[in-house]
Amino acid sequence: MPQLIELGRLTSQAQPSTLRVPEMEKGVGCDFSSYLLVPDTSLDERIGAAVQKLGSDLVILGHHYQRDEVIRFARFRGDSLKLAQQAAECDAKYIVFCGVHFMAESADVLRRLGQVVILPDLNAGCSMADMAEIGQVETCWAELEAVGGLDVVPVTYMNSTAAIKAFTGLHGGSVVTSSNAARVLQWAFTEGQRVLFLPDEHLGRNTAYSMGIPLDEMIVWDPEQELGGNTELSIRRAKMILWKGYCSVHQRFLPEHVDRVRAEHPGMRVIVHPECRFEVVQKADDTGSTEGILKKITAAPPGSSWAVGTEVHLVNRLAKTLTDRTVISLDPHVCVCTTMFRITPQHLLWTLDNLLEGTVVNRISVPENERRWARVALDRMLQLG
Ligand code: SF4
């Protein structure tokens, strides 16, 4: 486990950043375009055969938001942290992550020596993670430092790039997940006077508010504006500095959707992800991470009914599996994560066929210095339990 060294807090000398954009390797194996012609009827059989041939050398990870045709091949299903940990604990040499780019990066940060992480489609990104670029965050940090005497602890959501996690580790901060955000924030406020929360303003606001921090002690940092669009005075008054970022899927849920469910389905419980807007979370009966939503509805009594504010693949899977409960999407229009949806069975088969030929395609490889500091930020979170 890396040594935890406190560096670069705003009250001390900031460390020069040598972080780089993660390297992505594209393989030179068989051409993907020919896989677009593979008939749907033979995909399952061919993927199944490849999985069997690769045996224990292979682990396929499936995030809960993946489509059914892909997730059915996953050895492990879950959220991004759990999956990355499970992959690191197993014997597999090849970790095929059916998720998005930052998830594969986290798996690469946590992997064991000799393991290789693969993302079946390199275009599977995350709009939220992309909203906090390392250069913007470094500029923000320098501006906060210029204000002086702020004593800020950076905290980043799991849904951020490895570069942002590394920045956080380097500057004495931690990663959070949607399940442990309050616990990590509590720790952060013992370490400093205020928190720079990256990159999801909604998770930051919802969590801080649930801990008793009033809204007027929170400001939003817009990276497109000087001082994030704030004044020195407002920054000094703030306990939470919320990066202006959001999830394009969860931000679609609106208070009106809750009102409609209340009117049309009396007695139905509304549960939403904390990446949803503050107004939606306030109107809901419950909030929960993806795993939290799953556990809550699975443990609910037969006959109960739920409107769920999260990605539609998970909602539909719950509805299909728990047939003695009513489970619907909070938004009647489809709320799909389009980047997760980029991973198709064709991409999975192409990846596996290349592995059978001894070629690694779409390897995700986080540069060593970035890996080290991202690991520090992740370990700080894991030590908090
Ligand atoms: S659901 Fe939102 S946060 Fe999750 S991968 Fe998709 S865009 Fe990113």
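A residue counts as buried when 20 or more other C-beta atoms lie within 10 Å of its own. By that criterion, buried residues make up 48% of the 385 residues in the chain of this predicted model. The chain contains 16 helices and 15 strands. Its radius of gyration is 21 Å, close to the 21 Å given by the globule rule for 385 residues, so the chain is as compact as a globular protein of that length.

**Overall dimensions and contacts**

- The C-alpha trace of the chain spans about 65 × 55 × 35 Å along its principal axes.
- Among contacts in the chain with a separation of 6 or more, 70% are accounted for by residues 24 or more positions apart.

**Domains**

- The chain is divided into domain 1 (23-124 + 340-377), domain 2 (129-243) and domain 3 (250-329).
- The centres of domain 2 and domain 3, taken over C-alpha atoms, are separated by 28 Å.
- Ten residues of domain 2 are in contact with eleven residues of domain 3.
- On the side of domain 2 that touches domain 3, two residues are nonpolar, six are polar and two are charged.

**Ligand surroundings**

- The ligand is surrounded by 13 residues, of which Cys126, Met128, Cys247, Val249 and Cys337 are the closest.
- By class, this shell comprises eight nonpolar residues, four polar residues and one charged residue.

**Nonpolar core**

- In soluble globular proteins, nonpolar side chains tend to be buried together.
- The largest nonpolar core here has 112 residues, and the members touching the most others are Leu61, Ile95, Phe97, Cys98 and Val195.
- Not counting residues up to four places away in sequence, Phe97 touches Leu61, Met103, Ala104, Ala107, Val117, Ile118 and Leu119.

**Helix H14**

- Helix H14 covers residues 312-321, and its residues His313, Leu314, Val315 and Leu318 are buried.
- The elements covering the buried residues of H14 include helix H13 (290-299), strand S13 (305-309) and strand S14 (326-329).
- An α-helix has 3.6 residues a turn, so residues three or four places apart point the same way.

**Leu378 in helix H16**

- Leu378 lies in helix H16, which comprises residues 368-383.
- Leu378 counts as buried because 24 C-beta neighbours lie inside 10 Å.
- Apart from neighbours within four places in sequence, Leu378 is in contact with Val109, Leu110, Lys165 and Val175.
- Leu378 and Gly192 are 186 residues apart along the chain, and their C-alpha atoms are separated by 18 Å.

Terms used:
Residues numbered from 1 in each chain as written. Predicted model: local features only at pLDDT ≥ 70, side-chain atom pairs only at ≥ 80, totals over all residues. Helix = DSSP H or I, 4+ residues; strand = E, 2+ residues; numbered from the N terminus. Rg over C-alpha atoms; globule rule 2.2 N^0.38 Å. Buried ≥ 20, exposed ≤ 12 C-beta atoms within 10 Å, placed from the backbone. Contact = placed C-beta atoms within 7 Å. Near = placed C-beta within 6 Å. Nonpolar A, V, L, I, M, F, W, Y, C, P; charged D, E, K, R; others polar. Domains from an automatic or database assignment. Core = buried A, V, L, I, M, F, W, Y, C linked by C-beta atoms within 7 Å.
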